[in-house]
Amino acid sequence: EEAERFHREFESTEGWACVRQGSGPSDISVWIRHEPGNILHTFRIEGELDAPTEFLLVLLNEITLFNLWLPFIGGSRELLIPSRCERYAWVKVWSPFPALVHHRDVCLHARAIDGLDEDGCVLVLLRSFEDGDGGVAHPGLEPRTTRISLKFGALELFPTAQGRTRVRAIALLDPKINVLPGWLINWVVTKVCYMGMRRWEHHAQKLRDNKDEGPHKLRMRENADYYSWVIARVRSHTDALPSLPSSGASAEPL
């Protein structure tokens, strides 16, 4: 049901306004749509990243390392791993002025769906979960922190034969901010979305090019069976696509 909603949202043209138009298919575009009764619009992002899907997935999967590539993350941890492609997690977003606008945190349920054979993509579904859902308790609130709610979120990654990834994402978020006007919140979130996509791309490139021997490479070695499965699954799909120039991806990622 959540996957179907995501596809309906991307096929819909009603109510969307483009707030950042990419300069080409490889750039990042951002749209917003006003939702009655919500201070924040629904955001939609689309673009192509010059990075292999398998390494973008490594960065997403290592929840506790988010702060190493996203500077606005003030903390993150896994709460439960029910299955290979499912996570309950807590993530905190740092505020530069907590006396005026508190830090924000969110308790998330994330589930990845392998649609490579059917739709040519990996789909990640995200939503907030209630305290006790799945037997998982919410962590206690930290000082000067407000807990927000992700009503609905989804991320779709389409690997290409040349080692790039087309990305589509959508999110409806209640930030629980009343001290700032909606237009300013939307502007900030638009900028954060663009910066986050570019940093995601940059750090995946470092993994691809073996320029990063830090914590992510260590995790890949510690969890070699899992990441060998992820990499093999994505590359079995891209190898079957029409041949295009190589991106120079490493043949020995671990």
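**Contacts, cores and salt bridges in a predicted model**

Leaving out residues up to four places away in sequence, His237 touches Leu116, Gly120 and Pro159, where contact means heavy atoms within 4.5 Å. The structure is a predicted model, in which local features need pLDDT of at least 70 and side-chain atom pairs count only at pLDDT 80 or more, while totals for chains, interfaces and linings use all residues. Residues are numbered from 1 along each chain as its sequence is written, and side-chain values use heavy atoms, with hydrogens and water left out. His237 belongs to helix 5 (residues 224–238); helices (H or I, at least four residues) and strands (E, at least two) are DSSP runs, numbered from the N terminus. With a relative accessible area of 14%, His237 is buried (buried means under 20% relative accessible area, exposed over 50%, partly exposed in between; 1.4 Å probe, protein chains only).

Asp27, buried at 12% relative accessibility, takes part in a salt bridge with Arg20 (3.6 Å, N to O) and in another with Arg198 (3.0 Å, N to O). The pair of Asp27 and Arg198 joins the loop between strand 1 (17–20) and strand 2 to helix 3, across 171 residues. Arg20 is partly exposed at 24%, as is Arg198 at 22%. In total, the count comes to 16 salt bridges, and a network of them links Glu48, Asp50, Arg164, Arg208 and Asp209.

Attention now turns to the nonpolar residues. A nonpolar core is a set of buried Ala, Val, Leu, Ile, Met, Phe, Trp, Tyr and Cys residues joined through side-chain atoms within 4.5 Å. The largest has 42 residues, of which Ile45, Leu49, Leu56, Leu155, Leu157, Met197 and Trp200 touch the most other members. Apart from it lies another core of 9 residues, including Phe6, Phe152, Ala154 and Ile170. Beyond its neighbours within four places in sequence, Leu49 is in contact with several residues, among them Ile28, Leu56, Met197 and Trp200.

Terms used. Salt bridge = Lys/Arg side-chain N within 4 Å of Asp/Glu carboxyl O.
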